[in-house]
Amino acid sequence: MTYQEANSISIKDYLESLDILPVVDKLYYGMYHSPLRQDDTPSFKVDYGVNLWCDFGTGEGGSLIDLVMKQYGCNAYGAISRLEQGYYSTDTFSFQGKNITERNPAREERKRPASPIEIRKIQPLQNPALINYLKSRGITPEVAADYVQEMYYRVNGKPLFALAFKNDAGGYELRNPGYKGCTSPKDITRIQFAEKKNDACFVFEGFMDYLSFLTIRHKNSPAYPCIDWQDYIILNSTANVDKALYPLGEYEKIHCLLDNDKAGRKATQAIQKEYGWRVRDASHLYSRHKDLNDYLCQKSSLPEKQTQSAKQPKQEEKNKQSPGEKRKRGRRL
């Protein structure tokens, strides 16, 4: 069984074979009690359209192979082997001793969807709604345009559009004001610069954090943002941290700018365990914020507030701040 064949198995069917059924079952997705941990309320989402899962309690997610790896503590090869034992061309399943040998056309149709997401068009960023969405997140559209496109697609006949950020396997991370998802396959995104060998790599959890970093650099130093002084790896999910370990071995310095939550800390620790002193946890630079984009949104509103306060008598008092306070406020990423 190939990697693609294993991931084409319906996650919903796989969970059903383990007698795990959705608590909430909608047309496009289902909400489950997590098969990876104990939870009181259903916090494990399976997106039927793209056949991916997300555990909101830990911030982890990914494909069926990623799920099996988490369940059994094995690598991708071990996960495929486990799935191969229970998935045959004769449509026989054998998960945890539960055998189903009868052909079920409805089940077969769910297992092999022809195309959950029908991509109609991918083009350069120009949609005003998506540009305004970037601005609402504090991100400069001119900076983002070099890295994201806009995708027009259908899910079960419904026309949709979103920002599209490509990963190394050819899949896309999708974002719009009301949707956060992706197309298969799920993978990391590695950004390098032609004819340049950098000894440092910055690691981000999602592409919105990466775009936030670029925006901050351009705002702090418009003439010399130094964007190409290091390479970048965007995990596109903390569940992909293992996929990043091999390419990270090429760098002498690794800077992790992941989320300030349990999943982000766990991913950073996994990288530190592998590469030790070479790794720097840079999340303290935005320690009062959940992630880098949240930090940017807070920071991007600062000039406007300062402009408004300039009309107030209190401005004179602000000018008397100690040098130490000014240095702290001016700290850069």
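A charge is taken to sit over a ring if NZ of Lys or CZ of Arg is within 6 Å of the ring centre and within 35 degrees of the ring normal. By this criterion, the charged end of Lys-121 sits over the ring of Tyr-152, 5.1 Å from its centre. The charged end of Arg-82 likewise sits over the ring of Tyr-72, at 3.9 Å from the ring centre. The model is predicted, and local features need pLDDT of at least 70, side-chain atom pairs count only at pLDDT 80 or more, and totals for chains, interfaces and linings use all residues. Residues are numbered from 1 along each chain as its sequence is written, and side-chain values use heavy atoms, with hydrogens and water left out.

The structure holds 13 aromatic pairs (rings of Phe, Tyr and Trp, the last by its six-membered ring, with centres within 6.5 Å; planes under 30 degrees apart are stacked, over 60 edge-to-face, the rest tilted). The rings of Tyr-32 and Phe-44 form an edge-to-face pair, because their planes lie at 90 degrees, with the centres 6.5 Å apart. This pair links distant parts of the chain, 12 residues apart: Tyr-32 belongs to strand 2 (residues 29-32) and Phe-44 to strand 3 (residues 44-47). Strands are DSSP runs of E of at least two residues and helices are runs of H or I of at least four, numbered from the N terminus. Tyr-32 is buried, with a relative accessible area of 0% (buried is under 20%, exposed over 50%, partly exposed in between, with a 1.4 Å probe and protein chains only). Phe-44 also counts as buried, at 0%.

In helix 8, the buried residues include Tyr-210 and Phe-213.
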